[in-house]
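Please look through the sequence and the three-dimensional structure shown here before reading on. The report that follows takes up a few parts of it in turn.

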Amino acid sequence: MALEQFQYDNKIVKYFSLATIVFGLVGMLVGLMAAIQLFYPVFNFDTQYTTFGRIRPLHTNAIIFAFVGNAMFAGVYYSMQRLLKTRMFSDLLSYIHFWGWQLIIVAAAVTLPLGFTTSKEYAELEWPIDIAITLIWVVFGINMIGTILKRRERHMYVAIWFYIATFVTVAVLHVVNSFEIPVGIFKSYSMYSGVQDALVQWWYGHNAVAFFLTTPFLGLMYYYLPKAANRPVYSYKLSIIHFWSLIFIYIWAGPHHLLYTSLPDWAQSLGMVFSVMLIAPSWGGMLNGLFTLRGAWDRVREDPVLKFMVVAVTAYGMATLEGPLLSIKSINAIAHFTDWIVAHVHVGGLGWNGFLTFGMLYWMIPKMWKTKIYSVKLANFHFWIGTLGIVFYALPMYWAGVTQSLMWQEFNANGQLQYANFLETVVQIVPMYMVRALGGALYLTGAIVMTYNLAKTMGQGSFMANEEAEAYALEKDQAPKGRWHHVLESKPIQFTILTTVAILIGGIFELVPTFLIKSNVPTIASVKPYTPLELEGRDIYIREGCVSCHTQMVRPFRDETLRYQGEYSKAGEFVYDHPFLWGSKRTGPDLHRVGRKYLDSWHYQHMLDPTSMSPGSLMPSYPWLFEQALNTSKVPDKINAMRSLGVPYQQGYESIAVDDLNTQAQQITKRLKEELGIDVLPELEIVALISYLQRLGTDIKGNPTASISEITQKGE
Amino acid sequence: MFKHYFELVENVSVWPLVSLTIFFGFFLILILWLFKVDKKYIRKMKNLPLDDESKDGSSISTKMIIVLLLMLGSPVASFAQDSAGSGMDTQTMLAVLALFVLIIAVLVLVVAVYTLSLLKVAMQKDEPETEMVAQKEKQRNWFWDQFNKSVPQEKEATILLDHNYDGIRELDNHLPPWWTAFFYISIVFGVVYMLIYHVFSAAPLPGELYDISVAEAQAAAVERLAAAEEEGGGIDESTVAFSDESSVIDSGKKIYDMQCASCHRNDGGGNIGPNLTDEYWLHGGSMSEIFVSVKYGIPEKGMIAWEPLLSPEQMRDVSSYIMTLAGTNPPNAKAPQGELYQAEDQEVDAS
């Protein structure tokens with residue numbers, strides 16, 4: 001055994017840390033802006049690029065992939081080198097990873113405000129960026145596996161297990177959910193439709209939370225918490241059990257985002273019961289973290305790093321108990337589509353991811369700059385104002401969620417809805433939205449204080465780009481001994497394969513039957529493909545992010561079928577929806593049965609100034625739809641793309657599609673003229689959007705007004 | 001309980017804000033106080049017992065209570081669906097809410113106890129650490145070690161593994177027994193739930209629950225109708241009569257402003273919907289004709305049916321209010337549509 005000298009690469013950690021701080025501030029600022037728009041809609045400055053529907057995905061993407069993503073990479077690059085006693089596999093790959101990831105973030109920051117979006121939550125980025133993500137993720141993977149293979153530590157520590165699970169699962173999720181067919185450089189349609197698209201999306205969406213926000217951060221916790229507390233990890237056994245049970249069970253729980261929707265009942269129930277089974281594995285992580293602090297609690301009071309970590313781990317425990325509770329169907333019936341869910345994700349995001357990141361930065365940056373933290377006082381201030389921010393954020397949202405939900409479901413003695421006008425339930429919670437924005441502002445203030453504190457810390461220290469280290473080389477042919485799992489920890493390839501198997505089982509079990517067994521999506525004969533104008537209108541609906549605030553899923557509840565005046569949504573109604581647009585939050589009312597409920601002129605006026613039709617509405621105006629002409633050049637491509645996905649447009653229809661589009665647009669402008677004397681050019685975007693809104697959810701009632709040429713089988 | 005509460009909330013919309021402010025104010029003061037105490041007594045607190053393990057302990061006891069509640073609560077909450085309509089039923093809702101209130105109450109209690117114990121520490125400024133306190137502390141540790149089946153800290157060396165990852169060592173404590181038990185119970189729950197709902201179909205799924213709730217609502221509606229008839233008949237298009245009582249007109253105006261004004265304008269001058277102030281009517285201008293238009297709507301023209309949303313009295317009120325708009329001649333009103341309607345003749349005919 002030879003003692004080898006080598007150097008840890010701190011520069012890459014520095015880069016990722018700086019990116020974490022910068023994008024953290026940006027992401028939180030955009031979030032605050034979105035929060036203010038929810039009680040003060042004109043805070044979008046009346047431009048389309050900063051309107052809620054477009055900056056909401058910007059906020060979520062910036063926080064998840066830019067802030068938390070960069071924090072994850074910073075933490076992984078720092079801890080992995082030290083846990084494996086080696087420099088990263090390749091400096092070149094490290095920097096390709098870094099710059100590639102930042103370019104992706106910039107691309108997201110440009111394309112999302114421009115309205116280039118797939119509309120699938122946390123997967124909004126369009127196909128060229130999806131490909132870039134895949135490539136950069138592979139670079140990260142090679143660099144990580146390479147580092148593991150050239151390690152000087154025989155066994156892999158539990159943090160590394162979580163890193164491996166993160167890499168493998170995110171790769172699988174991202175690739176499967178991003179199957180889409182391009183119809184231009186920044187436009188694509190999901191390969192899946194309706195129910196299947198929803199299932200794939202929430203299998204992805206839920207596990208993005210699991211494997212992008214949870215497993216890597218559990219890995220980070222297992223490194224930074226015992227390091228900062230200087231205590232041994234509480235239980236190795238617990239690490240093993242909770243790691244394997246967590247990654248195996250998590251992947252099954254996605255359908256709990258689709259309870260009471262048109263998803264087959266068996267899949268909904270699986271989502272629910274696996275969520276309940278997930279409580280213990282999740283808590284395993286929290287317990288192992290908190291119990292590690294036995295004997296170090298006196299230091300928790302003094303050390304801001306530990307304070308942040310304790311709150312982070314506790315928030316993790318709370319969020320992972322709350323999540324399964326929310327997955328229980330009868331609780332979900334109250335909480336889903338309300339601000340309760342917003343509160344829930346922010347306890348996780350602000351508490352777990354945010355605070356663990358802050359704790360990690362406060363610990364790691366003084367280490368790399370060979371100094372002490374500039375001001376413990378400021379760090380403590382950050383801790384308190386951040387905690388207060390979380391409280392001020394979460395509590396009003398819980399309140400708002402429960403209030404609104406109970407108001408939706410309230411019947412009076414006559415058996416009618418007590419609050420028949422959706423707006424009444426919105427106006428009620430506006431004060432809560434204000435308090436929430438205050439909470440966000442407090443949290444952001446803390447982050448700004450941290451930025452100053454860390455900048456000062458860096459200023460007073462001297463950065464150590466390459467840190468000297470030494471370790472004995474591994475002997476090649478030493479037979480592994482010990483218990484089976486300990487042996488497995490010395491075999492990274494087998495470990496990775498086993499991890500992959502564990503995370504594939506749940507997905508396969510739920511996805512494959514939904515795709516192959518026809519009875520899961522019973523067909524409805526009267527459901528027809530969209531007309532070209534409606535399809536274009538739907539793309540505008542997607543571009544403007546309407547799905548951020550409006551669901552298209554009337555659940556099988558009596559208050560909903562009464563409120564929205566129609567049957568509850570059926571699986572067969574969505575077979576031509578690429579992508580699905582069920583939504584996850586009702587800031588405004590559901591729109592699945594809005595078709596033909598109001599006149600065209602109602603929609604016209606409502607989109608121009610929502611408060612004219614709905615006084616007190618929080619919806620922004622969309623004046624640009626009344627100025628921009630619809631681009632019809634892509635219509636034939638879109639028809640062809642849809643046909644290749646199985647939408648039964650007849651062969652050759654693409655050549656007459658634009659004519660059909662114009663005919664239908666003229667019908668609408670004629671109606672607008674008749675109804676209210678509105679003169680509007682048929683080529684404007686608003687006309688297409690009206691046509692889509694008027695089509696929504698009407699097929700099931702028969703479609704007597706469809707008067708353009710038959711688009712599926714001409715002459716039949 | 002909650003119903004009354006929300007009625008109150010509805011009237012005084014600033015109410016929740018006030019209570020939240022009070023709540024946060026309390027929190028703020030508490031935190032500031034803790035902050036100050038922290039600095040002032042930091043050395044004392046360090047030497048005094050209690051907090052070290054009690055911080056640990058109380059957080060665990062909180063969690064324990066939640067777990068226990070959950071173990072009780074989750075099957076109840078999910079099986080409660082059997083009898084109740086998908087959480088729509090007031091009883092289910094109340095049960096679920098009661099559960100939450102209980103959890104929150106327990107949490108508040110734990111926080112209060114913890115705060116009090118902190119306060120006690122702060123008060124014991126000058127008392128030196130007594131034998132008794134140390135003894136108590138030891139007992140508490142002993143209890144939690146038993147509870148979690150963990151090896152006491154003093155004997156940690158016996159379970160310290162030879163792992164050393166960048167200085168991180170690992171103990172090999174047992175799994176906390178309550179954690180293991182809960183994990184098993186949750187798995188059993190999952191299996192039993194799937195068996196009940198999807199193998200034996202012994203309990204209704206969401207679609208079936210919906211049908212049940214609709215049937216119940218229909219039965220209730222029939223009952224209400226019977227009760228109304230006993231009292232001399234409810235209001236419908238054949239019995240509805242104009243009323244200029246101020247309570248009726250006020251109620252009608254309220255409904256009109258909220259539901260009708262967006263299409264017919266605040267003053268009834270008409271916008272998307274026709275002018276309601278002139279003498280021309282598309283679907284008749286008598287009280288009962290207006291009532292019919294309100295009740296069943298004119299769906300092909302975008303006028304929705306209000307029957308599912310308004311009570312017969314409310315539809316009478318709003319129709320009466322609309323009658324009072326006649327001849328008000330608001331500025332920029334919509335041009336007349338439909339046929340000239342002579343109120344007197346019709347009323348005479350009707351009578």
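How many of the eleven residues of helix α25 (residues 685-695) of chain A are buried?

## A covered helix

Helix α25 of chain A is mostly covered, since eleven of its eleven residues are buried, where a residue counts as buried if 20 or more other C-beta atoms, placed from the backbone, lie within 10 Å of its own, as exposed if 12 or fewer do, and as partly exposed in between. Among these buried residues are E685(A), I686(A), V687(A) and R695(A). What covers them includes α19 (532-543), α21 (600-608) and α24 (653-676) of chain A, and α25(A) is followed by G697(A), whose phi is positive, near 65 degrees.

Helices here are DSSP runs of H or I with at least four residues, and strands are runs of E with at least two, both numbered from the N terminus.

## How the model is described

This is a predicted model, in which local features need pLDDT of at least 70 and side-chain atom pairs count only at pLDDT 80 or more, while totals for chains, interfaces and linings use all residues. Residues are numbered from 1 along each chain as its sequence is written, and chains are lettered from A and ligands numbered from 1 in the order in which they are written.

## Two helix pairs in chain A

The axes of helix α1 (residues 11-37) and helix α2 (residues 52-83) of chain A come within 8 Å and cross at roughly 155 degrees; axes are lines fitted to C-alpha atoms, for helices over the stretch in contact, and angles run from 0 to 180 degrees between N-to-C directions. The two helices α1(A) and α2(A) are therefore roughly antiparallel to each other, given that angles under 35 degrees count as roughly parallel, over 145 as roughly antiparallel, 65 to 115 as roughly perpendicular and the rest as oblique. By class, the contact of α1(A) with α2(A) has 21 nonpolar, eight polar and one charged residues, where Ala, Val, Leu, Ile, Met, Phe, Trp, Tyr, Cys and Pro count as nonpolar, Asp, Glu, Lys and Arg as charged, and the others, Gly among them, as polar.

For α6(A) and helix α11 (residues 304-327) of chain A, the axes come within 10 Å and cross at roughly 140 degrees, and these two helices are therefore oblique to each other. Their contact is made by residues including M221(A), Y224(A) and L225(A) of α6(A) and V305(A), L306(A) and M309(A) of α11(A), and by class it has nine nonpolar, no polar and no charged residues.

## Two domains

Chain A is divided into domain 1 (3-511) and domain 2 (532-701), with bounds that come from an automatic or database domain assignment. The centres of the two domains, taken over C-alpha atoms, are separated by 34 Å. In this chain, 42 residues of domain 1 are in contact with 46 residues of domain 2, contact meaning that the C-beta atoms of two residues, placed from the backbone, lie within 7 Å. On the side of domain 1 of chain A that touches domain 2, the largest share, five residues, comes from α2(A).

## Chain A beside chain B

Between the chains, 78 residues of chain A are in contact with 78 residues of chain B. Helix α14 (residues 376-409) of chain A gives the largest share of the side of chain A that touches chain B, ten residues, and by class this side has 48 nonpolar, 17 polar and 13 charged residues.

Chain B has twelve helices and four strands, and buried residues make up 26% of its 351 residues.
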